[in-house]
Amino acid sequence: MPNYEEKPYLKKHQFTTNREEPLTAKITLRLAPSMLEKLKGLDNYPEFIRQAISDALNKLENSNDATED
């Protein structure tokens, strides 16, 4: 982790976010080259993937809540 107090010139290159939770975790997955090509054709495909995963997790959580009743 950079020490911005010792190297103040690094501060201007520091990443910032207005998100509730910073995006620091990573995941790696394998997929078909044709799927990757379609994804890279989208505007801001990383955000699209994050939203798709979030929607799928919410759907899964809601279906689990419904079966527990």
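Trainee: Which residues count as nonpolar, which as charged and which as polar?
Mentor: Ala, Val, Leu, Ile, Met, Phe, Trp, Tyr, Cys and Pro count as nonpolar. Asp, Glu, Lys and Arg count as charged. The others, Gly among them, count as polar. Keep in mind that this is a predicted model.

Trainee: OK, the largest pocket. How does its lining split by class?
Mentor: The lining of the largest pocket has 12 nonpolar residues, six charged ones and two polar ones.

Trainee: How much space lies in that pocket?
Mentor: About 770 Å³.

Trainee: Which residues lie nearest its centre?
Mentor: Ala25, Ile27, Pro46, Arg50 and Ile53. The whole lining is 20 residues. Two elements give two or more residues each to that lining: α1 (33–40) and α2 (45–68).

Trainee: Which element gives the most?
Mentor: That is α2, with six residues in the lining of the largest pocket.

Trainee: Step back a bit. How many helices and strands are there in the chain?
Mentor: Two helices and zero strands.

Trainee: Which residues form the nonpolar patch on the surface?
Mentor: Ile27, Leu29, Leu31, Met35 and Leu36. Together they have about 490 Å² of accessible area.

Trainee: Take Leu29. Where is it placed?
Mentor: Leu29 is in the segment before α1.

Trainee: Why does Leu29 count as exposed?
Mentor: Its relative accessibility is 55%. The cut-off for exposed is over 50%, so Leu29 counts as exposed.

Trainee: New topic. How many salt bridges does the structure hold?
Mentor: Two. In one of them, the side chains of Glu47 and Arg19 meet at 2.5 Å, N to O.

Trainee: Why does that pair tie together parts that are apart in sequence?
Mentor: Because Glu47 lies in helix α2 while Arg19 lies in the segment before α1. The parts they tie together are 28 residues apart in sequence.

Trainee: Which residue does Glu47 bridge at 3.0 Å?
Mentor: Arg50, going by the closest N and O atoms. Here both residues lie in helix α2. Glu47 and Arg50 are three residues apart, about one turn of the helix.

Trainee: Which residues make up the network, then?
Mentor: Arg19, Glu47 and Arg50 are linked in a network of salt bridges. Remember that Arg50 is also among the residues nearest the centre of the largest pocket.

Trainee: What are the relative accessibilities of Glu47, Arg19 and Arg50?
Mentor: Glu47 has 23%, Arg19 has 36% and Arg50 has 33%. Partly exposed runs between the buried cut-off, under 20%, and the exposed one, over 50%. So Glu47 counts as partly exposed. Arg19 is partly exposed too, and so is Arg50.

Trainee: Last one, the backbone. What is phi of Asn44?
Mentor: It is near 55 degrees. That is a positive value in a residue other than glycine.

Trainee: Where does Asn44 lie?
Mentor: Asn44 lies in the loop between α1 and α2.

Definitions and conventions. Residues numbered from 1 in each chain as written. Predicted model: local features only at pLDDT ≥ 70, side-chain atom pairs only at ≥ 80, totals over all residues. Heavy atoms only, no water. 1 Å grid on protein atoms, 1.4 Å probe; cavity = no way out; pocket = protein on both sides within 12 Å on 5 of 7 lines; lining within 4 Å. Points joined across faces, edges and corners; volume = space filled by probe spheres on them. Helix = DSSP H or I, 4+ residues; strand = E, 2+ residues; numbered from the N terminus. Patch = residues over 30% accessible without salt bridge, like charges linked within 9 Å, V, L, I, M, F, W, Y side chains within 5 Å. Areas by Shrake-Rupley, 256 points an atom, 1.4 Å probe, with all protein chains shown as cover. Salt bridge = Lys/Arg side-chain N within 4 Å of Asp/Glu carboxyl O. Buried < 20%, exposed > 50% of the residue type's maximum accessible area, 1.4 Å probe, protein only.
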